[in-house]
Amino acid sequence: MSRLVVISNRVALPKQTQTGGLASAMNAALQEMGGLWFGWSGNLAAETGKEVHEVQDGNISYATIDMSKADHDDYYSGFANRALWPLFHYRGDLVDYRRDHLEGYLRVNRVFAKRVAKLIRKDDIVWVHDYHLIPLAAMLRELGVENKIGFFLHTPLPAAGLLITLPRHRELLEPLASYDLVGLHTQRDLRALEDYFLHELGAAMRTGGRIRAANGRIFRAGVFPISIDTAEAVELAHRAEDSGAVAKLRASIDDRALIIGVDRLDYSKGLPERFEGFARLLRDHKEMRGRVSLLQIAPPSRSDVPEYRSLRRELERSAGHINGQYAEPDWVPIRYVNKSFAHKVLAGYFRVAKVGLVTPLRDGMNLVAKEYVACQDPQDPGVLVLSRFAGAAQELDAALLVNPSDLDEVSEALKRALEMPQKERRMRWQSMMDVLERNDITAWRNAFLHALTEPPRVKPEIYVPSPMTAP
(Lines give C-alpha, C1' and ligand atoms only; values in the text may rest on other atoms or scores of the structure.)
Protein backbone atom coordinates (compact mmCIF):
# COMPACT_ATOMS: atom_id res chain seq x y z
CA MET A 1 0.00 0.00 0.00
CA SER A 2 1.30 3.47 -0.89
CA ARG A 3 2.37 5.84 1.85
CA LEU A 4 1.78 9.58 1.76
CA VAL A 5 4.81 11.86 2.11
CA VAL A 6 3.88 15.45 3.01
CA ILE A 7 6.55 18.14 2.63
CA SER A 8 5.98 21.66 3.91
CA ASN A 9 8.01 24.51 5.34
CA ARG A 10 6.92 23.66 8.90
CA VAL A 11 5.68 20.40 10.39
CA ALA A 12 2.76 20.04 12.79
CA LEU A 13 4.40 17.65 15.26
CA PRO A 14 2.21 15.38 17.41
CA LYS A 15 0.97 16.84 20.70
CA GLN A 16 1.69 20.38 19.57
CA THR A 17 -1.18 22.88 19.81
CA GLN A 18 -1.31 23.81 16.12
CA THR A 19 -4.91 23.95 14.92
CA GLY A 20 -4.73 25.04 11.29
CA GLY A 21 -6.83 23.40 8.62
CA LEU A 22 -3.73 22.16 6.79
CA ALA A 23 -2.39 20.47 9.92
CA SER A 24 -5.65 18.64 10.61
CA ALA A 25 -6.10 17.66 6.95
CA MET A 26 -2.58 16.32 6.56
CA ASN A 27 -2.63 14.43 9.85
CA ALA A 28 -5.93 12.80 8.89
CA ALA A 29 -4.57 11.74 5.51
CA LEU A 30 -1.36 10.42 7.04
CA GLN A 31 -3.31 8.43 9.64
CA GLU A 32 -5.41 6.84 6.89
CA MET A 33 -2.53 6.01 4.55
CA GLY A 34 0.45 5.91 6.88
CA GLY A 35 3.38 8.04 5.95
CA LEU A 36 5.86 10.79 6.59
CA TRP A 37 5.69 14.53 7.23
CA PHE A 38 8.93 16.35 6.47
CA GLY A 39 9.94 19.98 6.98
CA TRP A 40 11.74 22.56 9.09
CA SER A 41 11.71 22.05 12.85
CA GLY A 42 11.40 25.75 13.60
CA ASN A 43 14.78 25.64 15.33
CA LEU A 44 17.99 27.41 14.32
CA ALA A 45 21.35 25.63 14.30
CA ALA A 46 24.88 26.14 13.07
CA GLU A 47 24.19 24.24 9.84
CA THR A 48 21.04 23.60 7.83
CA GLY A 49 19.95 19.97 7.69
CA LYS A 50 23.02 18.49 9.34
CA GLU A 51 20.81 15.79 10.83
CA VAL A 52 17.21 14.67 10.50
CA HIS A 53 15.16 14.48 13.69
CA GLU A 54 12.56 11.73 13.56
CA VAL A 55 9.52 11.16 15.76
CA GLN A 56 7.13 8.23 15.36
CA ASP A 57 3.46 8.51 16.33
CA GLY A 58 1.41 5.48 15.36
CA ASN A 59 1.78 4.97 11.62
CA ILE A 60 3.09 8.51 11.01
CA SER A 61 6.76 9.48 10.95
CA TYR A 62 7.65 13.13 11.51
CA ALA A 63 11.05 14.14 10.16
CA THR A 64 12.44 17.64 10.67
CA ILE A 65 15.67 19.51 10.07
CA ASP A 66 17.09 22.58 11.75
CA MET A 67 18.16 25.65 9.79
CA SER A 68 21.05 28.06 10.08
CA LYS A 69 20.22 31.70 10.78
CA ALA A 70 21.78 32.78 7.49
CA ASP A 71 19.68 30.30 5.53
CA HIS A 72 16.55 31.27 7.46
CA ASP A 73 17.18 34.94 6.73
CA ASP A 74 17.74 34.34 3.00
CA TYR A 75 15.20 31.57 2.32
CA TYR A 76 12.32 32.37 4.68
CA SER A 77 12.51 35.98 5.83
CA GLY A 78 14.15 37.00 2.57
CA PHE A 79 13.03 35.48 -0.71
CA ALA A 80 9.89 33.66 0.46
CA ASN A 81 8.39 36.49 2.47
CA ARG A 82 9.94 39.64 0.99
CA ALA A 83 9.75 38.66 -2.68
CA LEU A 84 7.27 35.82 -3.29
CA TRP A 85 4.66 36.73 -0.67
CA PRO A 86 4.09 40.32 -1.86
CA LEU A 87 4.36 39.32 -5.52
CA PHE A 88 1.80 36.54 -5.16
CA HIS A 89 -0.54 38.97 -3.36
CA TYR A 90 -0.34 41.53 -6.18
CA ARG A 91 1.92 43.90 -4.23
CA GLY A 92 4.71 44.31 -6.76
CA ASP A 93 5.56 47.62 -5.09
CA LEU A 94 6.64 45.75 -1.95
CA VAL A 95 8.79 43.11 -3.65
CA ASP A 96 12.32 43.24 -2.27
CA TYR A 97 14.30 41.01 -4.63
CA ARG A 98 17.91 40.23 -3.79
CA ARG A 99 20.05 37.71 -5.62
CA ASP A 100 21.53 36.35 -2.39
CA HIS A 101 17.99 35.75 -1.06
CA LEU A 102 17.11 33.74 -4.18
CA GLU A 103 20.33 31.74 -3.88
CA GLY A 104 19.48 31.02 -0.24
CA TYR A 105 15.96 29.96 -1.22
CA LEU A 106 17.33 27.52 -3.80
CA ARG A 107 20.02 26.33 -1.40
CA VAL A 108 17.51 25.43 1.32
CA ASN A 109 15.24 23.71 -1.21
CA ARG A 110 18.23 21.58 -2.28
CA VAL A 111 18.87 20.58 1.33
CA PHE A 112 15.19 19.66 1.71
CA ALA A 113 15.43 17.57 -1.46
CA LYS A 114 18.62 15.76 -0.44
CA ARG A 115 17.34 14.91 3.04
CA VAL A 116 13.83 13.83 2.12
CA ALA A 117 14.91 11.88 -1.00
CA LYS A 118 16.64 9.38 1.29
CA LEU A 119 13.35 8.82 3.15
CA ILE A 120 11.06 8.39 0.12
CA ARG A 121 10.17 4.81 -0.80
CA LYS A 122 9.44 3.56 -4.31
CA ASP A 123 5.63 3.53 -4.02
CA ASP A 124 5.20 6.69 -1.92
CA ILE A 125 2.93 9.52 -3.03
CA VAL A 126 4.55 12.91 -2.40
CA TRP A 127 2.57 16.10 -1.65
CA VAL A 128 4.51 19.38 -1.47
CA HIS A 129 2.92 22.51 -0.02
CA ASP A 130 3.18 26.20 -0.75
CA TYR A 131 5.41 28.91 -2.15
CA HIS A 132 8.39 28.10 0.06
CA LEU A 133 9.08 24.92 -1.93
CA ILE A 134 8.19 25.66 -5.57
CA PRO A 135 11.37 24.12 -7.11
CA LEU A 136 11.47 21.07 -4.85
CA ALA A 137 10.11 18.53 -7.34
CA ALA A 138 12.71 19.48 -9.96
CA MET A 139 15.45 18.91 -7.41
CA LEU A 140 13.95 15.57 -6.37
CA ARG A 141 13.82 14.53 -10.03
CA GLU A 142 17.52 15.37 -10.35
CA LEU A 143 18.15 12.98 -7.46
CA GLY A 144 16.29 10.18 -9.24
CA VAL A 145 12.90 10.39 -7.51
CA GLU A 146 10.30 9.16 -10.01
CA ASN A 147 7.32 9.02 -7.64
CA LYS A 148 4.05 10.83 -8.13
CA ILE A 149 4.62 14.36 -6.81
CA GLY A 150 1.85 16.91 -6.31
CA PHE A 151 2.09 20.58 -5.35
CA PHE A 152 -0.52 22.84 -3.79
CA LEU A 153 -0.17 26.62 -3.72
CA HIS A 154 -1.94 28.11 -0.70
CA THR A 155 -1.58 31.72 -1.90
CA PRO A 156 -3.08 33.38 -4.97
CA LEU A 157 -1.13 33.20 -8.21
CA PRO A 158 -1.01 36.58 -9.96
CA ALA A 159 -1.36 37.22 -13.66
CA ALA A 160 1.57 36.45 -15.94
CA GLY A 161 2.17 40.15 -16.52
CA LEU A 162 3.06 40.50 -12.84
CA LEU A 163 4.94 37.21 -12.52
CA ILE A 164 7.43 38.25 -15.20
CA THR A 165 8.44 41.31 -13.18
CA LEU A 166 10.33 38.97 -10.83
CA PRO A 167 13.96 38.67 -11.90
CA ARG A 168 14.85 35.12 -13.04
CA HIS A 169 11.19 34.14 -12.90
CA ARG A 170 11.69 31.31 -15.43
CA GLU A 171 14.22 29.55 -13.22
CA LEU A 172 11.78 29.72 -10.32
CA LEU A 173 8.49 28.85 -12.03
CA GLU A 174 9.41 26.57 -14.94
CA PRO A 175 10.26 23.75 -12.47
CA LEU A 176 6.53 23.55 -11.64
CA ALA A 177 6.43 21.30 -14.71
CA SER A 178 8.32 18.70 -12.66
CA TYR A 179 5.20 18.05 -10.60
CA ASP A 180 2.59 15.60 -11.82
CA LEU A 181 -0.22 17.82 -10.50
CA VAL A 182 -0.30 21.50 -9.47
CA GLY A 183 -3.29 22.49 -7.35
CA LEU A 184 -4.65 26.04 -7.06
CA HIS A 185 -7.56 27.65 -5.25
CA THR A 186 -9.54 29.29 -8.04
CA GLN A 187 -10.13 29.40 -11.78
CA ARG A 188 -8.44 32.81 -11.80
CA ASP A 189 -5.26 31.25 -10.38
CA LEU A 190 -5.45 28.42 -12.91
CA ARG A 191 -5.80 30.85 -15.81
CA ALA A 192 -2.74 32.73 -14.55
CA LEU A 193 -0.68 29.53 -14.48
CA GLU A 194 -1.81 28.42 -17.93
CA ASP A 195 -1.23 31.88 -19.39
CA TYR A 196 2.28 32.02 -17.94
CA PHE A 197 3.28 28.60 -19.28
CA LEU A 198 1.66 29.14 -22.67
CA HIS A 199 2.80 32.67 -23.42
CA GLU A 200 6.03 33.01 -21.44
CA LEU A 201 7.43 29.48 -21.55
CA GLY A 202 6.14 28.27 -24.91
CA ALA A 203 4.02 25.43 -23.49
CA ALA A 204 0.93 23.95 -25.15
CA MET A 205 -2.42 22.93 -23.71
CA ARG A 206 -3.49 19.31 -24.01
CA THR A 207 -6.78 17.59 -23.18
CA GLY A 208 -7.74 16.86 -19.60
CA GLY A 209 -6.20 19.99 -18.11
CA ARG A 210 -2.71 18.87 -19.09
CA ILE A 211 0.09 21.25 -20.01
CA ARG A 212 2.98 20.22 -22.22
CA ALA A 213 6.05 22.23 -21.27
CA ALA A 214 8.47 23.39 -23.95
CA ASN A 215 10.86 20.57 -23.04
CA GLY A 216 8.13 17.92 -23.53
CA ARG A 217 7.35 17.35 -19.87
CA ILE A 218 3.59 16.93 -19.35
CA PHE A 219 1.86 17.84 -16.10
CA ARG A 220 -1.64 18.68 -14.97
CA ALA A 221 -3.04 21.71 -13.15
CA GLY A 222 -6.43 21.99 -11.51
CA VAL A 223 -8.64 23.93 -9.11
CA PHE A 224 -8.97 22.48 -5.59
CA PRO A 225 -10.46 25.12 -3.23
CA ILE A 226 -9.23 24.35 0.27
CA SER A 227 -11.83 24.26 3.03
CA ILE A 228 -12.36 23.70 6.75
CA ASP A 229 -13.48 20.88 9.00
CA THR A 230 -17.08 22.04 8.81
CA ALA A 231 -18.52 19.56 11.31
CA GLU A 232 -15.85 20.43 13.87
CA ALA A 233 -16.48 24.17 13.48
CA VAL A 234 -20.21 23.66 14.02
CA GLU A 235 -19.57 21.60 17.13
CA LEU A 236 -17.04 24.08 18.55
CA ALA A 237 -19.41 26.99 18.09
CA HIS A 238 -22.29 25.09 19.69
CA ARG A 239 -20.19 24.14 22.72
CA ALA A 240 -18.73 27.65 23.05
CA GLU A 241 -22.11 29.38 23.35
CA ASP A 242 -22.17 29.10 27.13
CA SER A 243 -18.44 29.45 27.76
CA GLY A 244 -17.05 32.09 30.09
CA ALA A 245 -15.20 33.96 27.34
CA VAL A 246 -18.31 34.23 25.19
CA ALA A 247 -20.46 35.25 28.16
CA LYS A 248 -18.04 38.09 28.92
CA LEU A 249 -18.13 39.27 25.31
CA ARG A 250 -21.93 39.22 25.26
CA ALA A 251 -22.09 41.18 28.49
CA SER A 252 -19.61 43.76 27.21
CA ILE A 253 -21.55 44.54 24.04
CA ASP A 254 -24.91 44.57 25.87
CA ASP A 255 -27.62 44.86 23.20
CA ARG A 256 -25.34 46.31 20.55
CA ALA A 257 -24.47 44.53 17.31
CA LEU A 258 -20.96 43.15 16.92
CA ILE A 259 -18.95 43.08 13.70
CA ILE A 260 -15.93 40.77 13.85
CA GLY A 261 -12.73 40.54 11.84
CA VAL A 262 -10.01 37.96 12.53
CA ASP A 263 -6.81 38.22 10.51
CA ARG A 264 -3.10 37.72 10.85
CA LEU A 265 -1.47 41.17 10.87
CA ASP A 266 -0.54 41.35 7.19
CA TYR A 267 -0.75 44.00 4.50
CA SER A 268 -2.68 41.62 2.23
CA LYS A 269 -5.64 41.62 4.64
CA GLY A 270 -6.83 45.16 3.91
CA LEU A 271 -7.06 46.18 7.56
CA PRO A 272 -6.48 49.94 7.11
CA GLU A 273 -9.21 49.99 4.46
CA ARG A 274 -11.47 47.95 6.76
CA PHE A 275 -11.12 50.44 9.59
CA GLU A 276 -11.85 53.31 7.22
CA GLY A 277 -14.86 51.48 5.75
CA PHE A 278 -16.28 51.06 9.24
CA ALA A 279 -15.58 54.72 10.00
CA ARG A 280 -17.45 55.63 6.81
CA LEU A 281 -20.47 53.72 8.17
CA LEU A 282 -20.39 55.83 11.34
CA ARG A 283 -19.88 59.04 9.38
CA ASP A 284 -22.67 58.53 6.87
CA HIS A 285 -25.19 56.75 9.09
CA LYS A 286 -25.34 58.54 12.41
CA GLU A 287 -28.07 56.21 13.63
CA MET A 288 -25.43 53.44 13.79
CA ARG A 289 -23.32 55.27 16.36
CA GLY A 290 -23.57 53.63 19.74
CA ARG A 291 -25.38 50.66 18.22
CA VAL A 292 -22.50 48.68 16.71
CA SER A 293 -18.85 47.90 17.46
CA LEU A 294 -16.06 46.36 15.39
CA LEU A 295 -13.92 43.73 17.12
CA GLN A 296 -10.74 43.30 15.09
CA ILE A 297 -8.44 40.50 16.25
CA ALA A 298 -5.06 40.76 14.52
CA PRO A 299 -2.22 38.68 16.00
CA PRO A 300 1.21 40.04 14.99
CA SER A 301 3.28 38.18 12.41
CA ARG A 302 6.71 38.60 10.83
CA SER A 303 7.52 41.44 13.20
CA ASP A 304 11.09 41.45 11.87
CA VAL A 305 9.84 42.74 8.50
CA PRO A 306 9.66 46.59 8.36
CA GLU A 307 6.38 46.64 6.40
CA TYR A 308 4.65 44.70 9.17
CA ARG A 309 5.91 46.99 11.91
CA SER A 310 4.73 49.97 9.87
CA LEU A 311 1.30 48.38 9.36
CA ARG A 312 0.87 47.82 13.09
CA ARG A 313 1.66 51.47 13.83
CA GLU A 314 -0.75 52.60 11.10
CA LEU A 315 -3.60 50.50 12.51
CA GLU A 316 -2.98 51.71 16.05
CA ARG A 317 -3.15 55.33 14.85
CA SER A 318 -6.26 54.67 12.78
CA ALA A 319 -8.14 52.90 15.58
CA GLY A 320 -7.17 55.65 18.00
CA HIS A 321 -8.30 58.37 15.61
CA ILE A 322 -11.67 56.72 14.87
CA ASN A 323 -12.33 56.00 18.54
CA GLY A 324 -11.34 59.54 19.48
CA GLN A 325 -13.76 60.96 16.92
CA TYR A 326 -16.81 58.78 17.61
CA ALA A 327 -16.50 57.11 21.04
CA GLU A 328 -18.86 57.84 23.92
CA PRO A 329 -18.22 57.21 27.63
CA ASP A 330 -20.17 53.94 27.41
CA TRP A 331 -19.23 52.87 23.87
CA VAL A 332 -16.03 52.31 21.88
CA PRO A 333 -16.43 51.88 18.10
CA ILE A 334 -13.31 49.74 17.45
CA ARG A 335 -11.90 47.08 19.74
CA TYR A 336 -8.49 46.35 18.28
CA VAL A 337 -6.78 43.32 19.83
CA ASN A 338 -3.22 42.25 18.97
CA LYS A 339 -3.22 38.69 20.30
CA SER A 340 -4.39 35.26 19.26
CA PHE A 341 -7.21 33.21 20.76
CA ALA A 342 -7.89 29.49 20.93
CA HIS A 343 -9.97 28.12 18.07
CA LYS A 344 -12.80 27.21 20.43
CA VAL A 345 -12.96 30.79 21.74
CA LEU A 346 -13.01 32.26 18.23
CA ALA A 347 -15.83 29.89 17.29
CA GLY A 348 -17.90 31.35 20.10
CA TYR A 349 -17.02 34.91 19.11
CA PHE A 350 -18.06 34.18 15.52
CA ARG A 351 -21.43 32.92 16.75
CA VAL A 352 -22.02 36.11 18.75
CA ALA A 353 -21.13 38.47 15.90
CA LYS A 354 -23.95 39.76 13.70
CA VAL A 355 -21.53 40.44 10.86
CA GLY A 356 -18.33 38.72 9.76
CA LEU A 357 -16.12 41.29 7.99
CA VAL A 358 -13.55 39.56 5.77
CA THR A 359 -12.07 42.06 3.33
CA PRO A 360 -8.55 41.12 2.21
CA LEU A 361 -7.08 42.97 -0.74
CA ARG A 362 -5.99 39.54 -2.03
CA ASP A 363 -6.21 36.11 -0.46
CA GLY A 364 -5.71 32.60 -1.75
CA MET A 365 -8.83 31.36 0.01
CA ASN A 366 -9.41 32.87 3.50
CA LEU A 367 -10.68 30.17 5.80
CA VAL A 368 -11.93 32.71 8.37
CA ALA A 369 -14.82 33.45 6.00
CA LYS A 370 -15.76 29.78 5.94
CA GLU A 371 -15.33 29.40 9.69
CA TYR A 372 -17.58 32.39 10.36
CA VAL A 373 -20.37 30.85 8.27
CA ALA A 374 -20.00 27.41 9.85
CA CYS A 375 -20.17 28.86 13.38
CA GLN A 376 -23.51 30.65 12.96
CA ASP A 377 -26.76 29.80 14.71
CA PRO A 378 -28.92 28.26 11.95
CA GLN A 379 -32.05 29.90 13.37
CA ASP A 380 -30.57 33.39 13.61
CA PRO A 381 -27.38 33.54 11.52
CA GLY A 382 -25.17 36.54 10.98
CA VAL A 383 -24.16 37.99 7.63
CA LEU A 384 -20.80 37.59 5.89
CA VAL A 385 -19.37 40.68 4.17
CA LEU A 386 -16.62 39.33 1.96
CA SER A 387 -14.00 40.74 -0.38
CA ARG A 388 -14.53 39.65 -3.95
CA PHE A 389 -10.72 39.25 -4.13
CA ALA A 390 -10.65 36.40 -1.61
CA GLY A 391 -10.70 32.92 -3.09
CA ALA A 392 -13.65 32.12 -0.82
CA ALA A 393 -15.82 34.54 -2.83
CA GLN A 394 -15.86 32.02 -5.69
CA GLU A 395 -17.76 29.57 -3.47
CA LEU A 396 -19.53 31.78 -0.93
CA ASP A 397 -21.31 33.96 -3.45
CA ALA A 398 -24.32 34.38 -1.15
CA ALA A 399 -22.19 36.67 1.01
CA LEU A 400 -22.34 40.42 0.49
CA LEU A 401 -19.38 40.81 -1.88
CA VAL A 402 -17.43 44.07 -1.83
CA ASN A 403 -14.35 45.73 -3.22
CA PRO A 404 -12.39 46.50 -0.03
CA SER A 405 -10.89 49.61 -1.59
CA ASP A 406 -14.36 51.10 -2.16
CA LEU A 407 -15.11 52.52 1.28
CA ASP A 408 -18.66 53.53 0.34
CA GLU A 409 -19.40 50.00 -0.88
CA VAL A 410 -18.06 48.51 2.37
CA SER A 411 -20.08 51.00 4.41
CA GLU A 412 -23.31 50.26 2.55
CA ALA A 413 -22.73 46.49 2.78
CA LEU A 414 -22.28 46.79 6.55
CA LYS A 415 -25.50 48.79 6.87
CA ARG A 416 -27.36 46.27 4.75
CA ALA A 417 -25.95 43.37 6.79
CA LEU A 418 -26.91 44.97 10.10
CA GLU A 419 -30.48 45.64 8.91
CA MET A 420 -31.02 42.42 6.91
CA PRO A 421 -34.25 40.56 7.76
CA GLN A 422 -33.89 37.16 9.35
CA LYS A 423 -35.51 35.37 6.41
CA GLU A 424 -32.87 36.68 3.99
CA ARG A 425 -30.07 35.98 6.45
CA ARG A 426 -31.17 32.37 6.81
CA MET A 427 -31.49 31.93 3.05
CA ARG A 428 -28.00 33.30 2.40
CA TRP A 429 -26.48 31.31 5.26
CA GLN A 430 -28.05 28.04 4.10
CA SER A 431 -26.73 28.54 0.58
CA MET A 432 -23.19 28.97 1.89
CA MET A 433 -23.50 26.20 4.46
CA ASP A 434 -24.53 23.76 1.73
CA VAL A 435 -21.21 24.51 0.02
CA LEU A 436 -19.21 24.00 3.22
CA GLU A 437 -20.88 20.68 4.00
CA ARG A 438 -20.30 19.46 0.47
CA ASN A 439 -16.71 20.69 0.19
CA ASP A 440 -15.06 20.32 3.59
CA ILE A 441 -11.38 19.75 4.30
CA THR A 442 -11.71 15.99 3.78
CA ALA A 443 -13.35 16.43 0.37
CA TRP A 444 -10.55 18.83 -0.64
CA ARG A 445 -7.82 16.42 0.41
CA ASN A 446 -9.45 13.42 -1.23
CA ALA A 447 -10.09 15.29 -4.48
CA PHE A 448 -6.45 16.34 -4.77
CA LEU A 449 -5.01 12.92 -3.93
CA HIS A 450 -7.44 11.19 -6.29
CA ALA A 451 -6.42 13.48 -9.14
CA LEU A 452 -2.73 12.98 -8.33
CA THR A 453 -2.94 9.20 -8.29
CA GLU A 454 -5.05 8.76 -11.45
CA PRO A 455 -3.17 6.65 -14.01
CA PRO A 456 -1.50 9.05 -16.47
CA ARG A 457 -2.75 9.01 -20.04
CA VAL A 458 0.80 9.45 -21.24
CA LYS A 459 4.07 8.49 -19.67
CA PRO A 460 5.51 11.67 -18.09
CA GLU A 461 9.03 12.62 -18.99
CA ILE A 462 11.29 13.68 -16.16
CA TYR A 463 12.17 17.37 -16.22
CA VAL A 464 15.76 18.17 -15.26
CA PRO A 465 16.32 21.93 -14.88
CA SER A 466 19.34 23.62 -16.40
CA PRO A 467 22.02 24.76 -13.94
CA MET A 468 21.50 28.16 -12.35
CA THR A 469 23.10 30.91 -14.35
CA ALA A 470 23.64 34.51 -13.51
CA PRO A 471 21.33 36.90 -15.40
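Trainee: In which strand is the place of Thr64?

Mentor: Some conventions come before the reply: this is a predicted model, in which local features need pLDDT of at least 70, side-chain atom pairs count only at pLDDT 80 or more, and totals for chains, interfaces and linings use all residues. Residues are numbered from 1 along each chain as its sequence is written, and side-chain values use heavy atoms, with hydrogens and water left out. Helices (H or I, at least four residues) and strands (E, at least two) are DSSP runs, numbered from the N terminus. Thr64 is in strand 4, residues 60-68.

Trainee: Is Thr64 buried or exposed?

Mentor: Buried means under 20% relative accessible area, exposed over 50%, and partly exposed in between (1.4 Å probe, protein chains only). With a relative accessible area of 6%, Thr64 is buried. Contact means heavy atoms within 4.5 Å. Not counting residues up to four places away in sequence, Thr64 touches Val11, Leu13, Gly39, Trp40, Ser41, Glu51, Val52 and His53.

Trainee: How many residues of strand 1 are buried, and with which strands does it pair?

Mentor: Two strands pair if DSSP finds at least two bridges between them. Strand 1 (residues 4-10) has six of its seven residues buried, so it is largely enclosed by the rest of the structure. It pairs with strand 5 (residues 125-129) in the parallel sense over four bridges, and Leu4 has Ile125 as its bridge partner there. Five bridges join strand 1 to strand 2 (residues 35-45), again in parallel; in strand 2, Trp40 is the bridge partner of Arg10.

Trainee: Which residues have the most contacts inside the largest nonpolar core?

Mentor: A nonpolar core is a set of buried Ala, Val, Leu, Ile, Met, Phe, Trp, Tyr and Cys residues joined through side-chain atoms within 4.5 Å. The largest one has 97 residues, and those with the most contacts inside it are Ile7, Phe112, Ile134 and Phe197. Leaving aside neighbours within four places in sequence, Phe197 is in contact with Leu173, Glu174, Leu176, Ala177, Gly202, Ala203, Ile211 and Phe219. A second, separate core of 64 residues includes Phe152, Leu236, Tyr372 and Cys375.

Trainee: What is the strand order of the open sheet of six strands?

Mentor: The order is 13-12-11-14-15-16, with parallel pairing. Strand 13 (334-337) and strand 16 (400-402) are the edge strands, each pairing on one side only. For angles, axes are lines fitted to C-alpha atoms, for helices over the stretch in contact, and the values run from 0 to 180 degrees between N-to-C directions. Neighbouring strands of this sheet are turned by 20° against each other on average, direction ignored.

Trainee: Which residues of strand 15 lie on each side?

Mentor: In a regular strand the side chains alternate between the two faces of the sheet. In strand 15, Val383, Val385 and Ser387 lie on one side and Leu384 and Leu386 on the other, and all are buried. Five of the five residues of this strand are buried, so strand 15 is largely enclosed by the rest of the structure. Strand 14 pairs with strand 15 in the parallel sense over four bridges, and Gly356 stands opposite Leu384. Strand 15 (residues 383-387) is joined to strand 16 by three bridges, also in parallel, and Ser387 has Val402 as its bridge partner.

Trainee: Which strands does helix 13 lie across?

Mentor: Helix 13 (residues 367-374) lies across strand 11, strand 14 and strand 15, running at about 170° to strand 15. Seven of its eight residues are buried. The buried residues of helix 13 also pack against helix 8 (230-240), helix 12 (343-352) and helix 15 (422-438), among other elements.

Trainee: At what angle do helix 10 and helix 11 pack?

Mentor: Two packed helices are described by the angle between their axes and the distance between the axes. Helix 10 (residues 271-284) and helix 11 (residues 306-326) pack at about 10°, with their axes 10 Å apart.
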